[in-house]
Structures are given as structure tokens and as C-alpha cells.
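Please look at this model alongside the notes. Comments are grouped by region.

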Amino acid sequence: MKRSLGIKKLLVVFAHPAREESLAGAIVDAFVSGATKAGLEVVTRDLYAIGFNPVVSKQDWFDGFVGKVPADCEEEQRHVKWADGLCFIAPAWNWSMPAILKGYLDRAFVIPGFSFASDPNGATYQGGLLTHKKALVIQTLGGALQTGFRFGNVADYAQGLVSALHYCGVRNTHVQQFWNLYKQTKESPQMPALIEKCRALGATFDDQDDEALQGLSTC
Ligand SMILES: Cc1cc2nc3c(=O)[nH]c(=O)nc-3n(C[C@H](O)[C@H](O)[C@H](O)COP(=O)(O)O)c2cc1C
């Protein structure tokens, strides 16, 4: 029998400039459709579509010291607070995340007083404040898995997000990497299986016993 994590509201943060044409776009559609069919309420924040500004300005930098949230990030924080589950979907760019997603973490997500606590001077970290029951990072990669091993530890390519989530209090974080996608299109032979897997990841998001996804999973 399925053991539920009790997740009802899922925030999907999507970072790819071409949702219609990309594999990442096909993945987010399948994931959201699986999650919705399973009864989860889903909000997707497509960072390119909303024109999210990822660059920390001088004003943002000073405001950060007095706990002021940039006006354009308040809405993003509202979505994060609303959700009890999180999913990040993005390609690997230069063995890391696209700049727009890194900027989302910098400006809207990893913010003192919002997602983590520190002492009044901001000098000492005092623990994460987010209470999401689960987070999933889905990362697409152009290279083959062997290529990934040549240049580092493959888990590290998603580690920036995993560490940020952990820092903010979200410990139950899973990573699904899809390798070997260079020059693949939605019509490529392996796509139906990949899309089906993403639909299943959405459908089982609330499942405590989703053994396919303990720690890092690569395909
Ligand atoms: C700017 C840029 C940097 C990239 N860096 C990497 C990389 O470091 N490692 C890798 O395996 N693929 C890299 N790729 C390939 C993408 O990860 C790959 O094309 C993508 O995951 C395929 O899915 P998509 O159709 O959703 O873009 C890069 C692509 C771009 C455009």
C-alpha cells in the first residue's frame, strides 16, 4: 500500500529558454501532468517566461543586510511558502545550473529570515526555515555519463541546488539526471520512455516508498 508523504501543493521551478522546443520543456509538461493526475495542486514558475531577473544589484546587496526582499522576488517567495513540495527542472550548463536558476536562488530563495535563520548580525547560520516534505531536481545533460565522470563527480553537477535546499532546511531531496541528450529531439527513440519516467516521477511525487529515487538516479 502506498505510504503518503502528505504533499498537496507542489511548486515546479523551470529554467529553460525554449519550453516548446526543448526536452526540458517536454519533461516539465510530463512531470506536471503526472503530478496533477495524482491529485497534487501544481504551480509552475517558468523563470524565462516570467522574465525573472537573476542579477543581484547593488541595491539588492545593501537591502539584504536589512532583511529587505526585492519587490520582484516577493511573489516567488509567496509561491515557495505556499508549497509543501518542490521540483526544479533545468538542463546542466557548464556542469552546473543555468544562470537564471542560480540567480533565483541568490535573489529569491536562499534569503536570511525567509529560508534560513542567522543571528541578528547575520554572521552565524542558525538553521533552515523551510519545511517542504520533499524536493526533486530533474537535470538534463547533453554528454554521456562516461563524459560526466571524466570531468568530476556526476552528483556534483546538481549539487548546487541540493546544498542550497539542505541549507534552507529541505533534507528529503532527490536528484534525477538524464544523460546523453546532445542533439536529441522530442522525436528521438528514447524520448517516449524518458517522458513516461517523468510522468511517473510526478505521479509518485507524494509516495514515501519511491525507491527508484533514493539519492541520485541517472539514466
Ligand atoms: C550553454 C550550454 C552549456 C552546456 N553545458 C553542458 C555541460 O556542461 N554538460 C553537458 O553534459 N551538457 C551541457 N550542455 C548540453 C545541455 O545540457 C543539453 O543540450 C540539454 O540538457 C538537452 O536538453 P534540452 O533540449 O532541454 O536543452 C550545455 C548546453 C548549453 C546550451
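Predicted model: local features only at pLDDT ≥ 70, side-chain atom pairs only at ≥ 80, totals over all residues.

The points below go from the overall fold to single residues.

1. The protein has seven helices and eight strands. Its radius of gyration is 17 Å, close to the 17 Å that the globule rule gives for 219 residues, so the protein is as compact as a globular protein of that length. Along the principal axes, the C-alpha atoms fill a box of roughly 55 × 40 × 30 Å.

2. Burial and contact range. Of the 219 residues, 36% count as buried. Take the contacts between residues at least 6 apart in sequence: 80% of them join residues at least 24 apart.

3. In soluble globular proteins, nonpolar side chains tend to be buried together. Here the largest nonpolar core holds 58 residues, and L10, V12, F31 and I89 touch the most other members. Helix α1 (residues 23-37) supplies the largest share of this core, eight residues.

4. I89. This residue sits in strand β3 (residues 85-91). I89 counts as buried because it has 25 C-beta neighbours inside 10 Å, against a cut-off of 20 or more. Leaving out residues up to four places away in sequence, I89 touches V12, F14, A24, I27, V28, F31 and I138. T185 lies 96 residues from I89 along the chain, and their C-alpha atoms are separated by 17 Å.

5. F31. Which residues does F31 contact, leaving aside its neighbours within four places in sequence? They are V12, C87, I89, I138, C198, R199, L201 and G202. Two of these, V12 and I89, are also named among the core members that touch the most others.

6. Helix α4. The buried residues in α4 are L101, Y104, L105, R107, A108 and F109. R107 deserves a look in the viewer, as it is on that buried list. The cover over the buried residues of α4 includes β1 (9-14), α2 (58-65), α3 (71-82), β3 and α6 (159-167).

7. Helix α6. L161, V162, A164 and L165 are buried in α6. These four cover an arc of only 165° around the axis, which puts them on the same side of α6. An α-helix has 3.6 residues a turn, so residues three or four places apart point the same way. Among the elements that cover the buried residues of α6 are β3, α4, β6 (134-140) and β7. G169 follows α6, and its phi is positive, near 105°.

8. Most residues other than glycine have a negative phi. W95 has a positive value, near 55°. W95 is found in the loop between β3 and α4 (99-109). With 15 other C-beta atoms within 10 Å, W95 is partly exposed. K183 is not a glycine either, and its phi is positive at about 60°. K183 belongs to the loop between β7 (173-178) and α7 (191-203). Is K183 buried or exposed? K183 is exposed, with 7 other C-beta atoms within 10 Å.

9. Ligand shell. How many residues surround the ligand? There are 15, and the closest are A24, P91, T140, G142 and G143. By class, the shell has nine nonpolar and six polar residues, with no charged residues. P91 falls within the range given for β3, residues 85-91.

Note on methods:
Residues numbered from 1 in each chain as written. Helix = DSSP H or I, 4+ residues; strand = E, 2+ residues; numbered from the N terminus. Rg over C-alpha atoms; globule rule 2.2 N^0.38 Å. Buried ≥ 20, exposed ≤ 12 C-beta atoms within 10 Å, placed from the backbone. Contact = placed C-beta atoms within 7 Å. Near = placed C-beta within 6 Å. Nonpolar A, V, L, I, M, F, W, Y, C, P; charged D, E, K, R; others polar. Core = buried A, V, L, I, M, F, W, Y, C linked by C-beta atoms within 7 Å. Arc of directions from axis to C-beta.
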